[in-house]
Amino acid sequence: MERYTLGILVNNHPGVLSRVVGLFSRRGYNIDSLSVGETENPDISRITCVVTGDRQIVEQIEKQVAKLVDVINVMELSIQGSIQCELVLVKVCTTPTTRAAVVELSEIFKAKIVDVTESTLSLQLTGNLDKIASFLHLARPYGIAELVRTGITAMQRGSQAIVNGKDAD
Amino acid sequence: MKLNGAGIIVECLKEQGVDTIFGFPGGAVLNTYDALYKNKEFIRHILTAHEQGASHAADGYARATGKVGVVFATSGPGATNLVTGLATAYMDSIPVVAFTGNVSTTLLGRDSFQEVDITGITMPITKHNYIVKDVDRLADTIREAFHIAQEGRPGPVLIDVPKDVSAAMAEYVPMERKSFSPSFEAVKPSAIEKTIRLLKESTRPMLYVGGGVIRSSAQKELAEFIEKIDTPMGVSLMGNGAVYSDNPRFTGMIGMHGTRVSNIAVNNCDLLLVVGARFSDRVVSKASAFARKAKVIQIDVDPAEINKNISTFHHVIGDVKVVLSILNSKISEPLEHSAWMEQIALWKREYPMKISGETRRPREILQALSQVLPPSAVIVTEVGQHQMWAAQFYNHSPEGRFLTSGGLGTMGYGTGAAMGAQFGCPDRRVVNVAGDGSFRMNCNELATIARYRIPLVILVMNNHTLGMVRQWQTLFYEQRYSETTLDTDINWVKLADAYGVHGMYLSTEDDPAAVLSAAIALNAPVVVDCEIPLDNMVYPMVAPGASIDDMIEETND
């Protein structure tokens, strides 16, 4: 079982997300994360979907998703060949004695301090899954009061882009 | 020209060449039914007893004619009553366009009277669906829906039209129907070449043919192809009628109720060429044992079918008719597999379909039906034992049609589908081979059959039980017949009479050919109650999970 990232271009219509997500659930494919938003063309939205499965399952997912009328294109984005990142908001518990250490940790990870109270420090962090995992690993001993993640969003490296055309085969 | 939404719906149907629709009116479609009333001379609306019957009728019409079947229903329960029919059409890839009404856009989402989210409900069972909230989008949506229903792998499409949209006025600009034919260019030459090379290398090729051949009208190309490459051919349930059942190359069905010859051939061939079929679990049974000595090549219009249930060695994506005609033109020298064909002939002699007390009567009835009907006849079935007997024992023909709910297995499908088929093909004889369990599900459509004097013959294979479920209870549940015995003796002849339809009775002693030809000669709606023994079985049978060449045979007597 491996982790795969799919970039899916869809018509920016109401209900399209539920068509894609519904397909995943009824065919028994698990979604690890999902992010969606408008593209440079306001008629088109882009979904980034991270799934776990074997090669055959992921090929099936791609083909089944490609069959949806509102889906313009589906492409697998490899870890090496793409830029992948996620935005995380995390509220770390602090005391007067631990605050400095948490600030230092946030600096190492280039996290932005977005809110502060006597007992918490709210951080905004971006990065790939590995970076976020290691930050959370290091922050956990201080206590995490709240964690919100957007899910991975990804695009290909280089000048290539996912184009608006379905492959024939 | 300015029209209201309802008028636009009707004009768009005319654009698409639709002259027959099936449906049932209601509050949310009053505008549409008003427009239909004004267009009676162009579009014939068939009023069914229940929306489910209408949905199956649209499906049967589409299967019998190859055109798009159209069904109308109102909002709420009208719309939900279409669900089984749409799912049936979806599983068997049938082009159907369903129109539903809905409450006005201002009332949507408020749990209004007869409101239901039918686009949400039908998302998994339609190829695509729409709710049209802007009358200016209505005409193009309908055109797109008809295109989607027919293009590539066909399927049902639903259009939900809120009541205020059917009332709102908009400019209607007529458009020519976009005609389209499957593309030759889309088929990869390299895929064709490799297929031919593999065929030439093979010494024991076998074809597994499914409903895709019927859907793309590739019967002629297929007949030429199997001659050219000198191969035996088995079918899925949906592939029945792809070639004549008495074609010496035809080995019968593959799978759970397939022939022993087909199943042995699949597991002993060195190349399995799959044409317009999808490796249903009813065919494959135990996947790891299926065609274990063969390289599998799959020809299908839908790329998502490749490697879905069975891993293939090679595939060709394209319309089956197009791919077969390219293959026929590219194979200059006919191939020869005489040793393998001899082996097939030997197996055929060694393993004929056995005739015993457990299958004799249904076989007699279906063979008699084959005798008294022309090859162009349309045979429709319900779901269960009678369906399998009709598949096994009726003499199918590419001139005729075999309409059956293969994927979803919908009991109650046949009566509506047969009505639709008869409306689509008024010059053909249409016979619904039913079981008593299935027929009672939608026999309310006798009202429709009587109203329109549809000259259908309905054979009720009456064993007073839910026979297929009973068969499983006999074989796998130690004869605990839980809720399968239908011991209320319905007098089907009297029921038919109550609807104003002929009723006939065929006892186990009567000559079926005599009774059936009399029924057909009536040229009028008729229900024939065919008595069959309670414990008749469908054989051979592959137990669930077993390899397909591990078959339960009937006992000789």
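Author: Two residues are in contact here if their C-beta atoms, placed from the backbone, lie within 7 Å. Helices (H or I, at least four residues) and strands (E, at least two) are DSSP runs, numbered from the N terminus. Axes are lines fitted to C-alpha atoms, for helices over the stretch in contact, and angles run from 0 to 180 degrees between N-to-C directions. The model is predicted: local features need pLDDT of at least 70, side-chain atom pairs count only at pLDDT 80 or more, and totals for chains, interfaces and linings use all residues. Residues are numbered from 1 along each chain as its sequence is written, while chains are lettered from A and ligands numbered from 1 in the order in which they are written.

The part to examine is a sheet of chain B and the helix that lies across it. The sheet is open and has six strands in the order 11-10-9-12-13-14, with parallel pairing; two strands pair if DSSP finds at least two bridges between them. At its edges are strand 11 (250-253) and strand 14 (314-317) of chain B, each of which pairs on one side only. From one strand to the next, the twist averages 20 degrees.

Strand 11 of chain B runs parallel to strand 10 (residues 233-235) of chain B, and three bridges join the two. Within this pairing, G234(B) has G252(B) as its bridge partner.

Helix 9 (residues 189-201) of chain B lies across strand 9 (205-209), strand 12 (271-275), strand 13 (295-300) and strand 14 of chain B. Relative to strand 14 of chain B, helix 9 of chain B runs at about 135 degrees.
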